[in-house]
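Hi there,

Here is the structure I promised to pass on to you. Have a look at it first, and then read on for what turned up in it.

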Amino acid sequence: MLSKSLKSVLHHARYFPLWSALTVLRWRSFDSRSRGLGTTFAMIMRWFPPARWRFDREARRVFPDMKRSARAKLGQDMGRHMGRTLFEIYHDAEFQTQHHKFKASGPGLDALKEAQAMGKGAIIVSGHFGQWEAVRAVVKMNGLESGAVYRPNKNRHYERRIRTGIEAGGTPILATGRVGTRALVRHLRGGGIVSILLDEKYVEGIWLPFLGHDALTSLSAAQLALKYDLPMIPAYGIRIDDGNAFSVEFEAPIPHTDSITMTRAFNDSLSARILENPAQWYWMLRRWGSVGASSRASESTEL
């Protein structure tokens, strides 16, 4: 009982700063509140050493020749983008209605529509880059709907707000794990669309290059695409116009070959996007592990 009470107190304490920032700004317009939370996160990246050190470690890996001052600015710019992204996800019901902000392009959108017209499902793959919920907003604008796979947050306050926001962007919302995987398969086999963020470290995955360094990567999206003959479409919601609008780009579906080749193609696609706009990727994911500490593990989950 004491342990449960202590955990509840810690959850409240960790959520309180974000709740305070959101509450202080709530009387302002949507864009002003979004910019306000972005400014707050930029300040955290500047003045909170653990966040600054964690970012710097990851950025140095990819940009070893970048000056320290440039990395510090990159970290603050990343914080500004991620603060805005978090605000928009928390208020996704309102965000999804702002159609004037979304400019869609790319052959992948037509491929998505074609798959749906044939009664087939589809897999949209992206990463924690730009505003990934802008992709599902464009899908909805085109009369379709995309569910999403997500990793539940252990903090019940964050979890409640984040899940509510994600659900506003489209359903079903499928948690990672075996139960979620079974529901995901049913959804896709029934002709549904699902969006998956593939840039998190997956301990049961295999080592594939990402931003020039090997990273444990899930093959699940490619395995599903091959097994059920579905298009696997990379898509990105890139912030433009000082962060107030989004260029949502649907790339051509990744050709069906084998799961490793297809997943590597996605890693290359996302890496190119990040190198072009490094401040728009969330560098705090602990994406890389020690290659020497592990053999090239094979994917263990059968889909």
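Contact here means heavy atoms within 4.5 Å. Please keep in mind as you read that this is a predicted model.

With that in hand, let me start at helix α3. What covers its buried residues? The cover includes α2 (30-47), α4, β7 and α11. The buried residues of α3 are Ala-51, Phe-55, Asp-56, Glu-58, Ala-59 and Val-62. An α-helix has 3.6 residues a turn, so residues three or four places apart point the same way. As for its length, α3 is made of 14 residues and spans 20 Å from first C-alpha to last, close to the 20 Å expected at 1.5 Å a residue.

The space in the second largest pocket comes to about 160 Å³.

Next, the hairpin. Strands β6 (residues 206-210) and β7 (residues 213-217) run antiparallel and are joined by 5 bridges. Across the pair, Leu-208 stands opposite Ala-215 in β7. The hairpin has 2 residues between its strands, and Leu-211 takes a positive phi near 55° there. Strand β7 has come up already, as part of what covers the buried residues of α3.

Asp-241 is not a glycine, yet its phi is positive, near 50°. You will find Asp-241 in the loop between β8 (232-240) and β9 (245-250). Is Asp-241 buried or partly exposed? Its relative accessibility is 49%, so Asp-241 counts as partly exposed. Arg-286 also has a positive phi, near 55°, in a residue other than glycine. Arg-286 sits in the segment after α11 (259-276), and Arg-286 counts as partly exposed because its relative accessibility is 47%.

There is a cis peptide bond to show you too. The bond runs from Thr-171 to Pro-172, with omega near 5°. Pro-172 belongs to the loop between α8 (156-169) and β4 (173-175).

Leu-184 itself lies in helix α9 (residues 178-189). Leu-184 counts as buried because its relative accessibility is 7%, and the cut-off for buried is under 20%. Setting aside neighbours within four places in sequence, Leu-184 is in contact with Val-149, Leu-174, Val-194 and Leu-224.

Finally, the chain as a whole. The protein chain has 11 helices and 9 strands. Of its 303 residues, 51% count as buried. Among contacts in the chain with a separation of 6 or more, 77% are between residues 24 or more positions apart.

How values were computed:
Residues numbered from 1 in each chain as written. Predicted model: local features only at pLDDT ≥ 70, side-chain atom pairs only at ≥ 80, totals over all residues. Heavy atoms only, no water. 1 Å grid on protein atoms, 1.4 Å probe; cavity = no way out; pocket = protein on both sides within 12 Å on 5 of 7 lines; lining within 4 Å. Points joined across faces, edges and corners; volume = space filled by probe spheres on them. Pairing = 2+ DSSP bridges. Helix = DSSP H or I, 4+ residues; strand = E, 2+ residues; numbered from the N terminus. Buried < 20%, exposed > 50% of the residue type's maximum accessible area, 1.4 Å probe, protein only. Expected span 1.5 Å × (residues − 1).
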